[in-house]
Amino acid sequence: REVDVARCSVADLAVLGMELAEVRAVLRETAVLVVSDAEGGAIATGSFGEVAMRADATATGESAAPRGGGDAFTAAMCAELLRRGEPGESVSARWHRALVRGRAAALAALAQ
């Protein structure tokens, strides 16, 4: 109940035997929960509502799957949250921007 942002993957939740709603329920009301999936999608939930980022298809029609890129995802997402946004940017737009940057970093880390 002490964190501002908690991040895990769908696979993490499965190993823990927990559902997204269970984790969300134990966080304080103002905390944000970010959950990513193996297909490259992610969701952020908080007092602002829900921001979902669907997996992008690559040119070959396969999904962008940042499996194993969780540390890079988290670091880039946090860095983007620190960046000053555009004047008047909504909280939802800020979180979408953070999710996009996190996915890009995870994919870049895995390409190395």
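This report covers the nonpolar cores, salt bridges and cysteines of a predicted model.

**The cores**

The largest nonpolar core has 13 residues. Val34, Ala44, Phe73, Met77, Trp95 and Leu99 touch the most other members. Five elements each supply at least two residues of this core: strands S2 (32–36), S3 (42–46) and S4 (49–53), and helices H3 (70–82) and H4 (91–111). H4 gives the most, with 4 residues.

Take Val34. Beyond its neighbours within four places in sequence, Val34 is in contact with residues including Ala44, Phe73, Met77, Trp95 and Leu99. Val34 also contacts Cys8 and Ile43. Ile43 belongs to a second, separate core of 9 residues, which also includes Leu13, Leu27 and Ala31.

**The salt bridges**

The count comes to 5 salt bridges. Three of them are listed here.

| Pair | N to O distance |
|---|---|
| Arg97 and Glu80 | 2.6 Å |
| Glu89 and Arg97 | 2.7 Å |
| Arg101 and Glu80 | 2.9 Å |

Arg97 in helix H4 and Glu80 in helix H3 are 17 residues apart. Arg101 also lies in H4, so its pairing with Glu80 in H3 ties together parts that are 21 residues apart in sequence. Glu80, Arg83, Glu89, Arg97 and Arg101 are linked in a network of salt bridges.

How buried are these residues? Glu80 is buried, at 6% relative accessibility. Arg97 is buried too, at 15%. Glu89 is partly exposed at 28%, and Arg101 is partly exposed at 36%.

**The cysteines**

The structure holds 0 disulfides. Cys8 is buried, with 12% relative accessibility. Cys78 is partly exposed, with a relative accessible area of 37%.

Methods:
Residues are numbered from 1 along each chain as its sequence is written. This is a predicted model: local features need pLDDT of at least 70, side-chain atom pairs count only at pLDDT 80 or more; totals for chains, interfaces and linings use all residues. Side-chain values use heavy atoms; hydrogens and water are left out. A disulfide is a pair of cysteine sulfur atoms within 2.5 Å. Buried means under 20% relative accessible area, exposed over 50%, partly exposed in between (1.4 Å probe, protein chains only). A nonpolar core is a set of buried Ala, Val, Leu, Ile, Met, Phe, Trp, Tyr and Cys residues joined through side-chain atoms within 4.5 Å. Contact means heavy atoms within 4.5 Å. A salt bridge is a side-chain nitrogen of Lys or Arg within 4 Å of a carboxyl oxygen of Asp or Glu.
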